[in-house]
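Please look over the sequence and the model below before reading on.

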Amino acid sequence: MNRHFTLLALVFFLWGMITSINSAIILFFSQYFAVSWQQAILVTVIFYVAPFAVCLPCARLMARWGYRRVLQGALLLSAVGALILAQAVVKSTFFGALFGMFVIASGVSVLQVVANPYLTALSAPARQVGNLSLASAVNSLGTTLAPAGIALLFRLSPTQQPVSGLFIGLAMVALALMVGTTLLRLPDVRIAVRTPPVANLWRVREIRLTILAIFLYVGTE
């Protein structure tokens with residue numbers, strides 16, 4: 001379980017870094033692409049719009065394909081999005097960068113949906129809360145280190161833009177983690193669940209309150 005936990009903890013770390021990087025490069029987008037601040041902030045808007053497109057189908061995909069394949073697909077999607085964004089920066093294509101960010105955000109959204117229950121399913125009952133708390137701390141570490149890392153990256157590369165290389169590096173990390181799920185023989189998990197229509201979920205008071213709490217939390221974050 002230790003190596004499997006380490007792999008999933010690195011997934012938590014990766015999406016924490018990507019989430020933080022997304023907000024940290026808004027100023028770069030504004031200056032590099034010579035767009036207004038309102039246009040540059042679309043990078044963040046797209047990042048938080050993407051979950052509405054991909055999160056709902058995740059439950060069905062996880063039940064049909066299993067957690068491991070969905071996790072691998074999410075890592076691949078994140079890597080492809082990072083490569084698209086890196087190429088868009090090289091080509092100075094702002095809309096291409098926005099599209100790349102949407103693809104990355106879609107991958108990260110799927111990672112968030114699958115990684116939490118996956119880690120819980122692979123943990124012993126007595127370790128589930130502790131493992132999730134530790135993985136969440138690793139995720140927070142990624143969000144903390146990313147801005148400092150970007151500042152250092154720009155400091156060491158004052159005459160050229162390092163963002164394309166940054167996203168190529170993130171793509172390589174995502175692909176390495178995807179390969180790691182096979183090399184480390186990450187156990188698959190399949191849970192047969194019946195997914196009710198979304199309209200029915202809104203009738204459950206606890207779900208409505210949970211959605212409101214998460215909405216306020218993300219807005220504050």
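Ser-164 has a relative accessibility of 12% and therefore counts as buried, a term that here means under 20% relative accessible area, with exposed meaning over 50% and partly exposed in between, for a 1.4 Å probe and protein chains only. This is a predicted model, in which local features need pLDDT of at least 70 and side-chain atom pairs count only at pLDDT 80 or more, while totals for chains, interfaces and linings use all residues. Residues are numbered from 1 along each chain as its sequence is written, and side-chain values use heavy atoms, with hydrogens and water left out.

Ser-164 is placed in helix 8, where helices (H or I, at least four residues) and strands (E, at least two) are DSSP runs numbered from the N terminus. Not counting residues up to four places away in sequence, Ser-164 touches Ala-86, Val-89 and Val-90, contact being defined as heavy atoms within 4.5 Å. Helix 8 covers residues 163-183 and also holds Leu-166, which counts as buried because its relative accessibility is 17%. With the same exclusion of residues up to four places away, Leu-166 touches Ile-21, Ile-150 and Leu-153.

Helix 4 can be followed along its length. Its 24 residues, 42-65, should span 34 Å at 1.5 Å a residue, and its end C-alpha atoms are 33 Å apart, which agrees; the expected span is 1.5 Å times one less than the number of residues. An α-helix has 3.6 residues a turn, so residues three or four places apart point the same way. Just after helix 4, Gly-66 takes a positive phi of about 95 degrees.

A search of the whole structure finds 11 aromatic pairs, where rings of Phe, Tyr and Trp (its six-membered ring) pair if their centres lie within 6.5 Å, and planes under 30 degrees apart count as stacked, over 60 as edge-to-face and the rest as tilted. The rings of Phe-28 and Phe-154 have their centres 5.8 Å apart and their planes at 50 degrees, so this pair is tilted. It links distant parts of the chain, since Phe-28 lies in helix 2 and Phe-154 in helix 7 (residues 128-156), 126 residues apart. Phe-28 is buried, with a relative accessible area of 10%, whereas Phe-154 is partly exposed at 31%.

Phe-29 leads on to the largest nonpolar core, which has 61 residues; Ile-21, Ile-25, Phe-29, Leu-71, Leu-85, Tyr-118 and Phe-167 touch the most other members. Such a core is a set of buried Ala, Val, Leu, Ile, Met, Phe, Trp, Tyr and Cys residues joined through side-chain atoms within 4.5 Å. Helix 6 supplies the largest share of this core, 14 residues.

As for confidence, the mean pLDDT of the chain is 88, and 95% of its residues reach 70 or more, pLDDT being the predictor's confidence in each residue, from 0 to 100.
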